[in-house]
Amino acid sequence: MISTRRLGPITRILLARTVAGRPLHLASAYLVGRTLIDSGPPATARALVGLYRRLGVERVVHTHHHEDHTGGSARLRRKLAIEIFAPPATVAILARFDRVPLYRRLVWGRPRPVDATPFSGTLEFDGMRLEAIPTPGHAPDHHCLFDHAHGWLFSGDLFVHPKVRYLRRDEDPWLQLEGLHRVRALRPTLLLCAHAGMIREADAALARRIEFWESLARDARRLRAAGYSTRTVTRRLLGREGGLHWVSFGEFSKRNLIEALLGGERDL
Ligand SMILES: [Zn+2]
């Protein structure tokens with residue numbers, strides 16, 4: 001499935017594999033002028049080439065290596081000779097990126113390696129001055145792309161939802177909180193999230209996102225100090241595990257989030 005939404009000079013391109021006509025899980029790429037921020041999952045790469053040919057896409061800039069953000073790039077490069085830019089850590093992963101767990105392959109498709117051009121500092125394209133802001137925690141190579149010219153923040157998977165209740169086993173919520181504070185300090189005017197879409201009240205949205213996890217960490221510590229197990233703390237604060245836990249064979253869970261928040265020694 002491919003659909004588009006416009007906000008001024010920005011086009012949000014919503015992408016998803018469909019099963020029985022229903023999208024499995026939406027991811028977004030953003031187009032400004034001829035510059036694309038991320039390229040969606042492998043499952044929509046073929047359909048995307050036609051759209052991008054019509055739109056005249058000339059380059060892609062990536063936030064991180066995950067296949068729902070980079071899956072269109074190998075085909076775009078092969079078919080349209082589009083240049084792919086990414087921070088150096090992401091470039092190194094993309095050069096050999098072809099294996100993901102089964103559930104991710106079913107939802108997004110299988111990624112293909114792609115050669116990308118590493119960049120650090122600022123990229124200037126289509127009236128934007130994009131700087132890659134390090135925001136690890138969701139993935140070690142994760143960066144937000146901040147456009148200094150307009151105050152736009154392409155947040156990749158840093159934001160996702162105001163109340164994120166699941167964590168993947170390999171994620172670090174404390175690093176993500178540091179990243180959230182770091183990008184909030186840039187005072188973005190518009191948040192462009194790969195999953196939640198375009199959010200005009202960027203500062204308020206980031207504040208809510210930060211407060212949800214910080215208050216969760218405080219509550220988890222309080223219950224732990226009262227002698228409750230991680231399992232009970234999770235149930236009390238977030239309820240039972242839901243669909244995402246079962247679909248991902250346990251890789252995503254509420255328990256992962258509580259466990260990781262209890263593991264941090266940070267002051268709150
Ligand atoms: Zn991701």
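A residue is called buried here if 20 or more other C-beta atoms, placed from the backbone, lie within 10 Å of its own C-beta. Helices (H or I, at least four residues) and strands (E, at least two) are DSSP runs numbered from the N terminus. This is a predicted model, in which local features need pLDDT of at least 70 and side-chain atom pairs count only at pLDDT 80 or more, while totals for chains, interfaces and linings use all residues. Residues are numbered from 1 along each chain as its sequence is written.

**View A. Helix α3 and its buried residues.** Within α3 (residues 73-80), welcome Ser-73, Ala-74, Arg-75 and Leu-76, which are buried. The buried residues of this helix pack against α1, β7 (59-61), α2 (67-70) and β8 (83-86). After α3 comes Ala-81, with a positive phi near 55°.

**View B. Tyr-52 in helix α1.** Look for Tyr-52 in α1 (residues 45-55). Tyr-52 counts as buried because it has 25 C-beta neighbours inside 10 Å. Beyond its neighbours within four places in sequence, Tyr-52 is in contact (C-beta atoms, placed from the backbone, within 7 Å) with Val-57, Leu-76 and Leu-80. Leu-76 is 24 residues from Tyr-52 in sequence, and their C-alpha atoms are 8.4 Å apart.

**View C. Helices α7 and α8.** Here the axes (lines fitted to C-alpha atoms over the stretch in contact) of α7 (residues 202-225) and α8 (residues 230-238) come within 10 Å and cross at roughly 135°, on a scale from 0 to 180 degrees between N-to-C directions. Leu-216, Asp-219, Ala-220, Leu-223 and Arg-224 of α7 meet Val-233, Arg-236 and Leu-237 of α8.

How values were computed. A residue is buried if 20 or more other C-beta atoms lie within 10 Å of its own, exposed if 12 or fewer, and partly exposed in between; C-beta atoms are placed from the backbone. Two residues are in contact if their C-beta atoms, placed from the backbone, lie within 7 Å.
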